[in-house]
Amino acid sequence: MIDSVKSEKYIRLESLGMGPYAMRKLKVCSKCGQIVGARTLFCPVCKTRLPIKTLFDFYKRMHFECPHCGITLATDAQYCPHCGRKVI
Ligand SMILES: [Zn+2]
Ligand SMILES: [Zn+2]
């Protein structure tokens, strides 16, 4: 099923540090693109003050959330990989 493919993709992204949970802990410098921890205030490379928003917030803007459990979904998702409910 498409659902299991989706959740496998999520797990793989997570193991690469690019999943939604990993991204919640990361920010990206708007000037040099350095990826830093979410609590970092200044970029260690170019010393630019970093935005409050994490990488996850940017990611979230390009996706939509499950209306049942609030997890972020790919825009083409029909079923939530977290709670398994239909989202369209
Ligand atoms: Zn920087
Ligand atoms: Zn859900």
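Y79 counts as partly exposed, because it has 18 C-beta neighbours inside 10 Å, where a residue is called buried if 20 or more other C-beta atoms lie within 10 Å of its own, exposed if 12 or fewer, and partly exposed in between, with the C-beta atoms placed from the backbone. Y79 sits in the segment after strand 4, which covers residues 72-73, and its C-alpha atom is separated by 8.6 Å from that of C66, 13 residues apart from Y79 along the chain.

Before I go on, please keep in mind that this is a predicted model, in which local features need pLDDT of at least 70 and side-chain atom pairs count only at pLDDT 80 or more, while totals for chains, interfaces and linings use all residues. Residues are numbered from 1 along each chain as its sequence is written, and chains are lettered from A and ligands numbered from 1 in the order in which they are written.

As for confidence, the mean pLDDT of the protein is 82, and 86% of its residues reach 70 or more, pLDDT being the predictor's confidence in each residue, from 0 to 100. Among the elements, helix 1, residues 2-15, has the lowest mean pLDDT, at 66, whereas strand 2, residues 35-37, has the highest, at 91.

Turning to the overall layout, the protein has three helices and four strands, and along the sequence these follow the pattern α-α-β-β-α-β-β; the elements are DSSP runs numbered from the N terminus, with helices being H or I of at least four residues and strands being E of at least two. Of the 88 residues in the protein, 10% are buried. If we take the contacts with a separation of 6 or more, residues 24 or more positions apart account for 21% of them, a contact meaning that the C-beta atoms of two residues, placed from the backbone, lie within 7 Å.

Now to the loop between strand 2 and helix 3, where we can start with T40. T40 is partly exposed, since 14 other C-beta atoms lie within 10 Å, and, leaving aside its neighbours within four places in sequence, T40 is in contact with K27 and L50. The C-alpha atoms of T40 and K27, which are 13 residues apart along the chain, are separated by 8.0 Å.

Which backbone angle of K47 is positive, although K47 is not a glycine? It is phi, at about 65°, and as background, most residues other than glycine have a negative phi. K47 is exposed, because it has 10 other C-beta atoms within 10 Å.

I52 has its place in the loop between strand 2 and helix 3 as well, and it is exposed because 8 other C-beta atoms lie within 10 Å. The C-alpha atoms of I52 and L41, eleven residues apart along the chain, are separated by 8.2 Å.

Finally, G70 belongs to the loop between strand 3, residues 64-65, and strand 4. G70 is exposed, because 11 other C-beta atoms lie within 10 Å, and its C-alpha atom is separated by 9.3 Å from that of H82, twelve residues apart from G70 along the chain.
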